[in-house]
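Here is a short briefing to read alongside the sequence and the 3D view. Take a look at the structure first, and then we can walk through it together.

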Amino acid sequence: MSILFREIIYGPVHSRRLGVSLGINLLPLNGKLCSFNCIYCECGWNEDNRVDRPRFNSREDVRDTLKAKLQEMRKEGPLPDVITFAGNGEPTLHPEFEGIIDDTIALRDEFAPNAKISVLSNATQLHREEVCRALAKVDNNILKLDSAINDTAKAIDLPRGEYDTEHIIEQMQRFKGQMTLQTMFLRGNHAGEIIDNTTELEIEAWLTAVRRISPRDVMVYSIDRATPCQELEKVSREELESIAERVRALGFTCSVA
Ligand code: SF4
């Protein structure tokens, strides 16, 4: 079963890892909009959640709703520890993404100055200068790279249009370490193809990419909820830990989510 966010601001969710977390959804409230169609997406397949005339939530609506929520939280407590852009698809597709980030930073500074702003992005919009500028302003710029081998990345993420891991890695290098690299590890079958980004060949290529990107930290994880592709296998925590150890051996911080 897919999970769609029906509001612009959702939460707060309390978690041990993140503390009090408030989510922001810039995407349509009645469907999904993404430049990927990941076989593991918790929002489901793009095709199953398509809306006829997708509408981004307007910059004004996002600002006003966030302001009201932060005012309420300041009055009733607790304030958020983190404000995260995620939701029903890819947040950087929003045409006013940079302006929304600027508004969010201003509201955070006014109402919840200790909160960190995070963006979870699939990195497909890094060719747009304004998106890179906006991502450089947030506290946690979290970018996805599910494989350093192009065919595997395409089989896992099912990008719409051109996608080239080499190009994505080069664009990530431009952040000069001001980013978190996030990778989903899984095994399974999709459309008659065996998919496994945990083979030695995959891990070697991915570790080379980690070295080249040189991120501030790395986050590895596996499937946690129902996935649209039914034939996927979760990678065990022990296996994720051993991948994380190899990242740490290169001198990078790596967490297992
Ligand atoms: S990038 Fe995120 S929202 Fe888009 S399909 Fe993949 S998991 Fe879903």
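Strand E9 and strand E11 (residues 253-256) run parallel and are joined by four bridges. Please keep in mind that this is a predicted model. The points below start with the strands, then turn to a helix and the cysteines.

- E9 spans residues 217-221, and four of its five residues are buried, so the strand is largely enclosed by the rest of the structure.

**Helix H1**
- H1 covers residues 59-76, and its 18 residues should span 26 Å at 1.5 Å a residue; the end C-alpha atoms are 26 Å apart, which agrees.
- The buried residues in H1 are Val-62, Leu-66, Lys-69, Leu-70 and Met-73.
- Viewed down the axis of H1, these buried residues fall within an arc of 100 degrees, so they line one face of the helix.
- They pack against strand E1 (9-15), strand E2 (19-25) and helix H2 (97-111).
- Just after H1 comes Gly-77, with a positive phi of about 65 degrees.

**Cysteines**
- If you are wondering about disulfides, the structure holds zero of them.
- Cys-38 has a relative accessible area of 7%, which means that it is buried, as the cut-off is under 20%.
- Cys-41, at 16% relative accessibility, counts as buried too.

Definitions and conventions:
Residues are numbered from 1 along each chain as its sequence is written. This is a predicted model: local features need pLDDT of at least 70, side-chain atom pairs count only at pLDDT 80 or more; totals for chains, interfaces and linings use all residues. Side-chain values use heavy atoms; hydrogens and water are left out. A disulfide is a pair of cysteine sulfur atoms within 2.5 Å. Buried means under 20% relative accessible area, exposed over 50%, partly exposed in between (1.4 Å probe, protein chains only). Helices (H or I, at least four residues) and strands (E, at least two) are DSSP runs, numbered from the N terminus. Two strands pair if DSSP finds at least two bridges between them. The expected span of a helix is 1.5 Å times one less than its number of residues. The arc is that of the directions from the helix axis to the C-beta atoms. Contact means heavy atoms within 4.5 Å.
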